[in-house]
Amino acid sequence: MRGQRVADHASGHRYEIQPFVPGDDDFSVFPIKLWQRLQNKYWREARPELLDYGQNGGYLPLRRAIADYLRVSRSVRVTVDQVLITGGTQHSLDLCAQLLADAGDTAWVEDPCYWGAQRVFESRDLDLHPVRVDDEGMNPTAEDQHKPPRLIYLTPSHQYPKSVVMSLARRRLLLDIAARTGAWILEDDYDSEFRYTGRPLSSLQGLDTHDRVVYMGTFSKILYPGIKVGYMVVPPALVAPFRSALYDLQRPGQMMQQAALADFLEQGHFATHVRRIRQLYGQRRELLQRTLKPILGNAATLSKEESGLHLVIQLPPGTDDERLAEEAAEQGLHVRALSTYYLGAEKERGLVVGYAYVPTDKIAYYGRLLGNVVKAASAVRR
């Protein structure tokens with residue numbers, strides 16, 4: 001039974017707020033008082049249109065601000081009409097699964113794959129086909145292409161969970177496959193703001209000349225998780241059906257919050273906040289790396305990409321990374337075994353470690369605890 005399958009594989013309960021939990025941002029540094037002032041302005045006015053459902057894809061000033069931001073920061077080709085406000089990435093993925101595919105259709109997913117996307121596609125009875133991720137991103141083989149996709153789910157700017165950045169050649173290959181097969185690429189750009197060295201990367205959507213990419217992002221990784229506001233940029237041909245379905249199927253709201261968020265972007269507070277937390281997370285990442293490397297020695301290696309909200313401790317083949325994650329939990333650390341993200345039979349071993357939601361003055365302490373857990377397991381293996 002589909003409902004039973006979804007319930008049996010629920011993963012949300014594992015993501016409690018603890019040191020090194022993957023995917024969480026440090027919302028304790030969010031400017032709450034400023035946010036309250038912006039929201040209070042609209043609650044004092046209590047405009048009727050902001051108390052209703054969002055009937056046109058979201059609050060127009062917010063959609064306009066997002067379009068302006070994406071053109072500059074992510075090289076997204078976008079008009080205001082193409083931007084739709086959703087309840088977050090899960091909501092965006094679910095809408096795509098409902099409108100762009102039928103039950104039994106094939107969805108290519110990265111292997112390893114973000115568990116949230118996997119659960120959404122499974123709940124819509126799609127046939128998941130895992131495609132291996134290497135150092136350049138998703139790497140479809142000739143055998144994979146014998147099973148043409150309807151959907152291709154990608155995290156090209158910072159693959160979750162392996163952390164690799166998709167190469168330009170691989171981006172072009174996947175765009176070509178989508179154009180040839182009539183597939184839709186779902187580009188999940190979940191933490192692209194957090195690149196600590198070099199220039200920001202352009203989006204995959206910006207390279208698309210055939211209008212086969214649906215681009216999606218979220219404010220939950222930048223502001224605070226519970227804001228539950230995301231956005232999609234859909235190709236022009238999909239604007240009308242997606243806008244209609246968004247209203248008919250989801251009855252979106254939170255217009256007061258959308259109005260405050262529009263001011264937050266337009267008045268420059270968003271850019272200021274991103275600069276602040278990017279510097280903060282970069283410092284935490286560097287400190288965690290400096291703490292772990294001398295402890296781990298040759299027992300493990302760290303992922304090299306200087307971006308995102310997590311890194312991966314890569315372990316030797318055959319390591320019981322699930323047991324290591326359990327041992328870390330006994331020390332109060334919430335990491336996740338890399339092998340649990342894989343759908344295929346061949347699984348790499350490692351630990352996915354989030355560093356954003358750890359106070360800077362605690363990074364070294366928790367890092368030593370984690371490093372010693374991995375080092376002790378390595379000594380046992382020898």
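The lining (residues with an atom within 4 Å of a point) includes Arg74, His158, Asp191, Arg195 and Phe194. By class, two lining residues are nonpolar, five polar and three charged, where Asp, Glu, Lys and Arg count as charged, Gly is among the polar residues, and Leu and Phe are among the nonpolar ones.

## Salt bridges

The count comes to 22 salt bridges, each a side-chain nitrogen of Lys or Arg within 4 Å of a carboxyl oxygen of Asp or Glu. Arg284 pairs with Asp26, with the closest N and O atoms 3.0 Å apart; because Arg284 lies in helix H10 (residues 269-296) and Asp26 in the loop between helix H1 (2-8) and helix H2 (32-45), the pair ties together parts 258 residues apart in sequence. Helices are DSSP runs (H or I, at least four residues) numbered from the N terminus. Arg284 is buried at 4% relative accessibility, and Asp26 is buried at 7%, with buried meaning under 20% relative accessible area, exposed over 50% and partly exposed in between (1.4 Å probe, protein chains only).

Arg180 and Asp176 form a salt bridge at 2.9 Å, N to O, and stand four residues apart in helix H7 (residues 168-181), about one helical turn.

## Basis of the values

Residues are numbered from 1 along each chain as its sequence is written, and side-chain values use heavy atoms, with hydrogens and water left out. As the model is predicted, local features need pLDDT of at least 70 and side-chain atom pairs count only at pLDDT 80 or more, whereas totals for chains, interfaces and linings use all residues.

Methods
1 Å grid on protein atoms, 1.4 Å probe; cavity = no way out; pocket = protein on both sides within 12 Å on 5 of 7 lines; lining within 4 Å. Helix = DSSP H or I, 4+ residues; strand = E, 2+ residues; numbered from the N terminus.
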